[in-house]
Amino acid sequence: MNRTDAFIERAGERADQREDASIGVPLPHESAALHVSGEATYTDDIAELHGTLHAALGLSRHAHARIVSMDLDAVRHSPGVVAVLCADDIPGENNCGPVLHDDPILADGEVLYLGQPVFAVIAESHELARRAAALAKSDDVIRYEPLDAILTATEAKAAKQFVLPPLHLRRGDPDAKIAVAPHRLAGTFEVGGQEQFYLEGQVAYAVPKEMDGMLVYSSTQHPSEMQQVVAHMLGWPAHNVVCECRRMGGGFGGKESQSALFACVAALAAQSLRRPVKLRADRDDDFLITGKRHDAVYEYEAGFDDSGRLTGVRVEIALRAGYSADLSGAVATRAVCHFDNAYYLPDVDIVALCCKTNTQSNTAFRGFGGPQGALVMEVLLDGIARELRLDPLDVRLANYYGIGERNTTPYGQRVEDNIIAPLTDALLDSSDYRARRAALAEFNATSPVLKRGLAFSPVKFGISFNVPFLNQAGALVHVYKDGSVLVNHGGTEMGQGLNTKVAQVVANQFGLPFSRVRVSATDTSKIANTSATAASTGSDLNGMAAEAAAQTIRGRLAELAARQLGGDANDVQFTGGIVSVNGGALPFDQLVNAAYLARVQLWSDGFYATPKVHWDAQTLTGHPFYYFAYGAAVSEVVVDTLTGEWKLVRTDVLHDAGQSINPAIDLGQIEGGFIQGMGWLTSEELWWNRDGRLMTHAPSTYKIPAVSDTPAAFHVRLYDHSNAEPTVFRSKAVGEPPLLLAFSVFLAIRDAVAAAVPGARPAPPLRAPATPEAILDALDALNASHAADPTEPAAPTPHAVLYGESPDASLAH
Ligand code: MTE
Ligand code: HPA
Ligand code: MOS
């Protein structure tokens, strides 16, 4: 037996042992064996039809320019090229933007960022298409008149250049509260963006069908939107287009809207040539073309009392949106709604700006603006603690939302399911925080170069799409005559285990072992008008829809069973593959067969719309979230203050996934989210040169965490708790919230940096990502400002000593 078979057999055994309980069981991902053996079919693995052609994109060389002329003959005559397509070849709308229609598929007259697709080459092979497309680099092919480019959020803010109007949420009178506060703190902060770095890049394969039909296989979180933009582009009704996605090799938000350009170009080429066309971007092009997490620049000011409790706070969050709106409005809205994180803000003013720049159009990335909103609050609280010489933990505790009081969010929703205090207590206990804090101080007192840092950070994350109508889902469940079950739902599988959870829910309804339920590819011809699989709502929405469908069929089967066995349909039990009532029992498949012969409908649809959610986009108030998910982390790092290198020594996480449907998958999501968040805040640095060229466009220059970056001691546990709202099995969404637990790593590095300059009152001016370079800059700046404070004794950092800089000297330059 080979290893894959052994794996499948073990997984199967485990599943079969749990015949009665498919819920709450740590079943492996339904495709785990396929993932590790390489048998899982991704879009690029779909067997190519005879006559398949391959597309590649010719990209803009300027961040902002007018296209003076294009002479594509050289491209057309390149070996293997079948066609070259431009904006003019698009029969319908030249747009793939999800909200505003400001996203050209191919540039038309003007380029708005360096990397923007200008033309598409269709050739006999992937390699030949790429070779021809690379001619876009030649001046003879496209002539440009360069225009002024604005690259950063700060520049765009100064020029008042936004893709959408500013968002402004205000409660009370923060200015007055800050003015009279016993203490005040004002500051700035910045955090970088982040590339989604899905392992499978953007890809689409379009196959023309009869009567103006198009089947688009797309690696997308949003098949319905791909269907819609392709139809609009071709000037067709939506029913001409089918979009299918079996799985993605990761999406992380990067395929929520931005799979569209690739689906559109493949479909455009397929329609104009009436041949199947595949477009697979290589990693560098993917980096250059697609948007990332929004980077942000912040200005804040706060008033607080002696305990560090906030009395008034103001923040401006300037997000770099890029050249178009994409999902930036919703991202900025979530940033506004997450600024509070886990804290009560009595008087507050929050402004979010979507700055228009000549860079990639930034988009969804795990957390969707939430991390950008909450991070600055944590940095602010850390600063307050250092100002007051308190443990940052205690300042956090002093500001927590209350129970029954101090519990209204700035946007007007009450926090009614608050469990952050007991969760925190449990984590502080299990991580031994207080004792380790004392041990750390001792270590740092005697260690001149290596400094340890420790930090606690909580998360409260609002669950639901913050655009209320998106909170709906559908499913279709088929029970075949032999009793096997096929489920289809509107969600997409991107590795997060959605199909596994949905299958568990359906298996549970029918009392069947997990192995009797199969989930098929997401397909717009099965479930219509689906939302993106996003906002962590995949299993909440699709699990409920699938459960509803299964319940309908189960009801019909129960009636038949009651007729055959006597008794009441409501008393029929479905467990262990057996249906029983009134002392009698039937195997599930026998009952199903009898139902078929009795002409009972054995398939059903199901639908779910999240209750309670509403939102007023004018006032930025309402009830945007059905519930909140909570978590907390404690991280300890050691920083080498000579080199800026650091290591994560230990992390303890306690996270609330409600009553987990699948603890193995949920723990995987928490670990993965944490490590991904750590990458964002420490090693992943996007860098554009002065021309607006993204220079970090491959793993050689863009450093995502590796498995070796996982802390040696990584204690991740689920908080035993059931959702206060009646979600599917009272579980909670888990996809995005754990990313914010990585704040603890960034804050621990800050803590270590602060420890390097003993007695310094100002918080270390550490930017994110905290690369070694950023850490050294922070050490130098902290040392300099400390030396400038006449009330504090100067204490040069080892870095300053090594480079011969006295504190005074470093002040001078
Ligand atoms: N996990 C894996 N393995 N791959 C992914 O692409 N995306 C994340 C998260 N976890 C992602 C992932 C993001 S951004 C979201 S919104 C959720 O999964 C989406 O899936 P869910 O709603 O089913 O949790
Ligand atoms: N998350 C992800 N995608 C979205 C959201 C959200 O909150 N709102 C609209 N699109
Ligand atoms: Mo996730 S950022 O909502 O796709």
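**View 1. Aromatic pairs in the predicted model.** The structure holds 16 aromatic pairs. The model is predicted. One of the pairs joins Phe287 and Tyr702. Their ring centres lie 5.4 Å apart, with 75° between the planes, and the pair is edge-to-face. Phe287 sits in helix α9 (residues 283–289). Tyr702 sits in the loop between α18 (663–682) and β29 (713–718). The pair therefore ties together parts that are 415 residues apart in sequence. Phe287 has 0% relative accessibility and so counts as buried. Tyr702, at 1% relative accessibility, also counts as buried.

**View 2. The pair Phe625 and Phe628.** The ring centres of Phe625 and Phe628 are 5.9 Å apart. Their planes meet at 65°, so this pair is edge-to-face. Both residues, Phe625 and Phe628, are buried. Ring pairs also link Phe625 and Phe628 with Tyr411 and Trp615 into a cluster.

**View 3. Polar contacts of ligand 1.** A polar backbone atom of Gly251 is 2.7 Å from an oxygen atom of ligand 1. Gln669 places a polar side-chain atom 2.7 Å from a nitrogen atom of the ligand. For Arg366, a polar side-chain atom lies 3.3 Å from a nitrogen atom of ligand 1. On its own, ligand 1 has 520 Å² of accessible area, and the protein covers 92% of that.

**View 4. The shell around ligand 1.** Ligand 1 is surrounded by 17 residues. The closest are Gly251, Phe252, Met494, Gly538 and Gln669. By class, the shell has four nonpolar, 11 polar and two charged residues. Domain 1 (417–461 + 621–813) and domain 2 (472–609) each supply at least three residues to the shell.

Note on methods: Residues are numbered from 1 along each chain as its sequence is written. Chains are lettered from A and ligands numbered from 1 in the order in which they are written. This is a predicted model: local features need pLDDT of at least 70, side-chain atom pairs count only at pLDDT 80 or more; totals for chains, interfaces and linings use all residues. Side-chain values use heavy atoms; hydrogens and water are left out. A residue is near a molecule or strand if one of its heavy atoms lies within 4 Å of it. A polar contact is a pair of N or O atoms within 3.5 Å; within protein, one must be able to donate a hydrogen and the other to accept it, and residues adjacent in sequence count only if both atoms are side-chain atoms. Accessible areas come from the Shrake-Rupley method with a 1.4 Å probe; for residues, only the protein chains shown count as cover. Ala, Val, Leu, Ile, Met, Phe, Trp, Tyr, Cys and Pro count as nonpolar, Asp, Glu, Lys and Arg as charged, and the others, Gly among them, as polar. Domain bounds come from an automatic or database domain assignment. Rings of Phe, Tyr and Trp (its six-membered ring) pair if their centres lie within 6.5 Å; planes under 30 degrees apart count as stacked, over 60 as edge-to-face and the rest as tilted. Helices (H or I, at least four residues) and strands (E, at least two) are DSSP runs, numbered from the N terminus. Buried means under 20% relative accessible area, exposed over 50%, partly exposed in between (1.4 Å probe, protein chains only).
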